[in-house]
Amino acid sequence: MTRTEFEAAFRKLTSAHGTATANTGCIGCERCTGAVDSTFCVECKQIARCHYCRACEDCTDCSHSAACRGCLSCAHCQAS
């Protein structure tokens with residue numbers, strides 16, 4: 001793979017990231033988009049393995065957080 005081919009493939013992957021709107025493997029999530037393996041979250045975007053979060057975005061492995069952005073493995077965060 002040449003540098004040009006790699007850069008083109010990388011741009012394609014990064015442009016696709018964050019555009020998924022379907023929730024996958026979630027239980028009880030409401031008004032979320034792009035959530036994966038999360039439970040009982042509300043109005044979150046692009047989260048993974050989060051539980052009981054509200055209005056969070058781009059978070060992973062968080063629980064009971066509210067209005068957080070880009071958090072990783074946080075618990076009980078508020079607007080971080």
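Visitor: Buried means under 20% relative accessible area, exposed means over 50%, and partly exposed is in between. Which of these is Arg69?

Guide: This is a predicted model, and in it Arg69 has a relative accessible area of 45% and is therefore partly exposed.

Visitor: And which residue does Arg69 form a salt bridge with?

Guide: Its partner is Glu57, and the closest N and O atoms of the two are 3.7 Å apart. The pair links distant parts of the chain, with Glu57 and Arg69 both in the segment after α1 and 12 residues apart. Glu57 is partly exposed as well, since its relative accessible area is 27%.

Visitor: How many salt bridges does the count come to?

Guide: The count comes to five salt bridges. Among them is the one between the side chains of Arg31 and Glu30, which meet at 3.7 Å, N to O. Arg31 is exposed, with a relative accessible area of 55%, whereas Glu30 is partly exposed at 43%.

Visitor: What about Arg3, which residue forms a salt bridge with it?

Guide: Arg3 forms a salt bridge with Glu7, where the closest N and O atoms are 3.0 Å apart. The two residues are four places apart in helix α1, so about one helical turn separates them. Arg3 has 68% relative accessibility and counts as exposed, while Glu7, at 32%, counts as partly exposed.

Visitor: Changing topic, how many aromatic pairs does the structure hold?

Guide: The structure holds two aromatic pairs. Phe6 and Phe10 form a stacked pair, with 6.1 Å from centre to centre and 15° between the planes. These two phenylalanines are four residues apart in helix α1, which runs over residues 3-16, so they too are separated by about one helical turn. Phe6 is partly exposed, with a relative accessible area of 46%, and Phe10 counts as partly exposed at 46% relative accessibility. The rings of Phe40 and Tyr52 also make a pair, and because their planes are at 20°, with the centres 5.4 Å apart, that pair is stacked.

Visitor: Where do Phe40 and Tyr52 lie?

Guide: Both lie in the segment after α1, so the pair ties together parts that are 12 residues apart in sequence.

Visitor: Now the inside: how many residues does the largest nonpolar core have?

Guide: The largest nonpolar core has 15 residues, and those with the most contacts inside it are Cys41, Cys44, Ile47, Cys50, Cys53, Cys59 and Cys62.

Visitor: Take Cys62, then. What is it in contact with, leaving aside neighbours within four places in sequence?

Guide: Cys62 is in contact with Arg49, Cys50, His51 and Cys53, and also with Cys71, Leu72, Ser73 and Cys74.

Visitor: What about Ser63, buried or exposed?

Guide: Ser63 counts as buried, since its relative accessibility is 19% and the cut-off for buried is under 20%. Ser63 lies in the segment after α1, and when neighbours within four places in sequence are left aside, its contacts are with His51, Cys53, Cys74, Ala75 and His76. His51, Cys53 and Cys74 are also contacts of Cys62.

Visitor: One more residue: which ones does Ala48 touch, not counting those up to four places away in sequence?

Guide: Ala48 touches Val36, Ser38, Cys59, Thr60 and Asp61, and one of these, Cys59, is among the core residues with the most contacts. Ala48 itself lies in the segment after α1 and is buried, with a relative accessible area of 16%.

Visitor: And how far is Ala48 from Ala9 in space?

Guide: From C-alpha to C-alpha, Ala48 and Ala9 are 24 Å apart in space, and in sequence they are 39 residues apart.

Definitions and conventions: Residues are numbered from 1 along each chain as its sequence is written. This is a predicted model: local features need pLDDT of at least 70, side-chain atom pairs count only at pLDDT 80 or more; totals for chains, interfaces and linings use all residues. Side-chain values use heavy atoms; hydrogens and water are left out. A nonpolar core is a set of buried Ala, Val, Leu, Ile, Met, Phe, Trp, Tyr and Cys residues joined through side-chain atoms within 4.5 Å. Buried means under 20% relative accessible area, exposed over 50%, partly exposed in between (1.4 Å probe, protein chains only). Contact means heavy atoms within 4.5 Å. Rings of Phe, Tyr and Trp (its six-membered ring) pair if their centres lie within 6.5 Å; planes under 30 degrees apart count as stacked, over 60 as edge-to-face and the rest as tilted. A salt bridge is a side-chain nitrogen of Lys or Arg within 4 Å of a carboxyl oxygen of Asp or Glu.
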